[in-house]
Amino acid sequence: MTGLGTLVRGQVLAILARHGRPVTLARRTGAFDAAAQAAASGAVACTVPARVLRRRGRAAEIQVHLADASLAAAGFPGAPRPDDILTIDGEDWPVTVVESFGAGDATAFHRLRVVR
(Lines give C-alpha, C1' and ligand atoms only; values in the text may rest on other atoms or scores of the structure.)
Protein backbone atom coordinates (compact mmCIF):
# COMPACT_ATOMS: atom_id res chain seq x y z
CA MET A 1 0.00 0.00 0.00
CA THR A 2 1.34 3.43 -0.92
CA GLY A 3 1.81 6.25 1.57
CA LEU A 4 -0.97 8.25 -0.07
CA GLY A 5 -3.26 5.21 -0.07
CA THR A 6 -2.65 4.65 3.64
CA LEU A 7 -3.32 8.33 4.39
CA VAL A 8 -6.58 8.47 2.40
CA ARG A 9 -7.78 5.17 3.86
CA GLY A 10 -7.13 6.43 7.41
CA GLN A 11 -8.86 9.77 6.81
CA VAL A 12 -11.99 8.12 5.39
CA LEU A 13 -12.10 5.74 8.35
CA ALA A 14 -11.78 8.62 10.84
CA ILE A 15 -14.48 10.76 9.16
CA LEU A 16 -17.02 7.95 8.98
CA ALA A 17 -16.27 6.81 12.53
CA ARG A 18 -16.85 10.34 13.80
CA HIS A 19 -19.81 11.40 11.64
CA GLY A 20 -21.35 8.15 10.42
CA ARG A 21 -24.28 6.20 11.73
CA PRO A 22 -24.38 2.44 12.25
CA VAL A 23 -25.54 0.18 9.44
CA THR A 24 -25.30 -3.59 9.11
CA LEU A 25 -23.99 -5.24 5.96
CA ALA A 26 -24.84 -8.92 5.49
CA ARG A 27 -23.96 -11.54 2.91
CA ARG A 28 -25.65 -14.86 2.46
CA THR A 29 -23.16 -17.69 2.41
CA GLY A 30 -23.60 -21.26 1.42
CA ALA A 31 -21.33 -24.22 1.40
CA PHE A 32 -21.89 -27.76 0.29
CA ASP A 33 -22.20 -30.15 3.22
CA ALA A 34 -20.79 -33.42 1.89
CA ALA A 35 -22.13 -35.47 4.81
CA ALA A 36 -25.68 -34.23 4.30
CA GLN A 37 -25.31 -34.03 0.50
CA ALA A 38 -26.99 -30.63 0.57
CA ALA A 39 -26.18 -26.94 0.60
CA ALA A 40 -25.81 -25.44 4.06
CA SER A 41 -27.01 -21.86 4.22
CA GLY A 42 -25.82 -19.13 6.52
CA ALA A 43 -24.86 -15.49 6.61
CA VAL A 44 -22.05 -13.25 7.71
CA ALA A 45 -22.79 -9.72 8.93
CA CYS A 46 -21.04 -6.75 10.47
CA THR A 47 -22.14 -3.39 11.82
CA VAL A 48 -20.02 -0.41 10.79
CA PRO A 49 -20.39 3.39 10.68
CA ALA A 50 -21.56 4.79 7.35
CA ARG A 51 -22.71 7.96 5.66
CA VAL A 52 -26.32 7.53 4.53
CA LEU A 53 -27.70 9.85 1.84
CA ARG A 54 -31.35 9.70 0.87
CA ARG A 55 -31.87 11.08 -2.63
CA ARG A 56 -34.42 13.87 -2.92
CA GLY A 57 -37.48 12.89 -4.89
CA ARG A 58 -36.51 9.24 -4.76
CA ALA A 59 -37.79 7.86 -1.48
CA ALA A 60 -36.82 4.32 -2.42
CA GLU A 61 -33.15 5.02 -3.31
CA ILE A 62 -30.29 5.56 -0.85
CA GLN A 63 -26.53 6.03 -1.29
CA VAL A 64 -24.29 4.70 1.48
CA HIS A 65 -20.55 5.27 1.97
CA LEU A 66 -18.64 2.59 3.90
CA ALA A 67 -14.95 2.67 4.86
CA ASP A 68 -13.07 -0.36 3.54
CA ALA A 69 -10.95 -0.42 6.72
CA SER A 70 -14.12 -0.68 8.88
CA LEU A 71 -15.31 -3.71 6.93
CA ALA A 72 -11.88 -5.34 7.17
CA ALA A 73 -11.65 -4.68 10.92
CA ALA A 74 -15.13 -6.19 11.41
CA GLY A 75 -14.09 -9.34 9.55
CA PHE A 76 -16.40 -8.92 6.57
CA PRO A 77 -15.30 -11.24 3.72
CA GLY A 78 -14.14 -8.81 1.05
CA ALA A 79 -15.67 -5.79 -0.62
CA PRO A 80 -19.43 -5.28 -0.70
CA ARG A 81 -21.17 -6.63 -3.78
CA PRO A 82 -24.61 -6.55 -5.37
CA ASP A 83 -27.10 -8.82 -3.59
CA ASP A 84 -25.58 -8.13 -0.16
CA ILE A 85 -28.18 -6.81 2.28
CA LEU A 86 -27.78 -3.47 4.07
CA THR A 87 -29.84 -2.81 7.20
CA ILE A 88 -30.52 0.88 7.88
CA ASP A 89 -32.67 1.86 10.87
CA GLY A 90 -34.02 -1.67 11.10
CA GLU A 91 -35.03 -1.89 7.42
CA ASP A 92 -33.34 -4.29 5.00
CA TRP A 93 -32.26 -2.93 1.61
CA PRO A 94 -30.71 -5.00 -1.20
CA VAL A 95 -27.45 -3.59 -2.54
CA THR A 96 -27.79 -2.98 -6.28
CA VAL A 97 -24.60 -1.07 -7.22
CA VAL A 98 -21.15 -0.95 -5.62
CA GLU A 99 -18.37 1.47 -6.59
CA SER A 100 -15.00 1.44 -4.83
CA PHE A 101 -12.69 4.46 -4.50
CA GLY A 102 -9.19 5.00 -3.17
CA ALA A 103 -5.68 6.19 -3.92
CA GLY A 104 -2.95 4.07 -5.43
CA ASP A 105 -3.58 0.42 -4.74
CA ALA A 106 -5.58 1.02 -1.53
CA THR A 107 -9.37 1.06 -1.51
CA ALA A 108 -10.55 3.77 0.90
CA PHE A 109 -14.33 3.51 0.68
CA HIS A 110 -17.23 1.92 -1.11
CA ARG A 111 -20.30 3.76 -2.38
CA LEU A 112 -23.34 1.52 -2.36
CA ARG A 113 -26.70 2.20 -3.93
CA VAL A 114 -29.67 0.47 -2.40
CA VAL A 115 -33.08 0.58 -4.04
CA ARG A 116 -36.50 -0.81 -3.26
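Colleague: What does the side chain of Arg27 reach at 2.7 Å?

Modeller: The backbone oxygen of Ala79. Bear in mind that this is a predicted model, where local features need pLDDT of at least 70, side-chain atom pairs count only at pLDDT 80 or more, and totals for chains, interfaces and linings use all residues. Residues are numbered from 1 along each chain as its sequence is written, and side-chain values use heavy atoms, with hydrogens and water left out.

Colleague: What makes the link between the side chains of Asp84 and Arg27 a polar contact?

Modeller: The two side chains come to 2.9 Å. A polar contact is a pair of N or O atoms within 3.5 Å; within protein, one must be able to donate a hydrogen and the other to accept it, and residues adjacent in sequence count only if both atoms are side-chain atoms. So 2.9 Å falls inside the limit, and the pair gets the name.

Colleague: Is Arg27 buried or exposed, and how do you know?

Modeller: Arg27 has 4% relative accessibility. Buried means under 20% relative accessible area, exposed over 50%, and partly exposed in between (1.4 Å probe, protein chains only). Arg27 is therefore buried.

Colleague: Where do Arg27 and Asp84 lie?

Modeller: Arg27 is in strand S1, residues 21-33, and Asp84 is in the loop between H2 and S4. Those labels are DSSP runs numbered from the N terminus: helices are H or I with at least four residues, strands are E with at least two.

Colleague: Which residues is Asp84 in contact with, leaving aside its neighbours within four places in sequence?

Modeller: Contact means heavy atoms within 4.5 Å. For Asp84 the list is Leu25, Ala26, Arg27, Phe76, Trp93, Pro94 and Val95. The C-alpha atoms of Asp84 and Val95 are 5.5 Å apart, although eleven residues separate them along the chain. Arg27, with its own neighbours within four places left aside, touches residues including Gly42, Val44, Phe76 and Pro80.

Colleague: What about Asp83: buried or exposed?

Modeller: Asp83 is exposed, because its relative accessibility is 61%. Asp83 is also in the loop between H2 and S4, and has a positive phi of about 85° without being a glycine. Asp89, in the loop between S4 and S5, also has a positive phi, near 50°. At 55% relative accessibility, Asp89 counts as exposed.

Colleague: Why is the pair of Phe101 and Phe109 called stacked?

Modeller: The rings of Phe, Tyr and Trp (its six-membered ring) pair if their centres lie within 6.5 Å; planes under 30 degrees apart count as stacked, over 60 as edge-to-face and the rest as tilted. A search of the whole structure finds one aromatic pair. In that pair, Phe101 and Phe109 have centres 5.1 Å apart and planes at 20°, so stacked is the word.

Colleague: What makes Asp68 and Arg9 a salt bridge?

Modeller: The rule asks for a side-chain nitrogen of Lys or Arg within 4 Å of a carboxyl oxygen of Asp or Glu. For Asp68 and Arg9 the N to O distance is 2.5 Å, so the pair qualifies. Asp68 lies in helix H2 (residues 68-73) and Arg9 in helix H1 (residues 3-19), so this bridge ties together parts 59 residues apart in sequence. Asp68, at 16%, is buried, and so is Arg9, at 17%.

Colleague: How many salt bridges does the rule count?

Modeller: Six. One of them joins Arg113 and Glu61 at 4.0 Å, N to O. That bridge links distant parts of the chain: Arg113 is in strand S6 (residues 106-115) and Glu61 in strand S3 (residues 61-67), 52 residues apart. Glu61 counts as buried at 8%, whereas Arg113 is partly exposed at 34%.

Colleague: Which residue forms a salt bridge with Arg116?

Modeller: Glu91, with the closest N and O atoms 3.0 Å apart. Arg116 also lies over the face of Trp93, 4.1 Å from the ring centre. A charge sits over a ring if NZ of Lys or CZ of Arg is within 6 Å of the ring centre and within 35 degrees of the ring normal.

Colleague: Where is confidence lowest?

Modeller: In S1, at a mean of 83, while strand S4 (residues 85-88) is highest at 95. These scores are pLDDT, the predictor's confidence in each residue, from 0 to 100. The protein chain averages 87, and 88% of the residues score at least 70.
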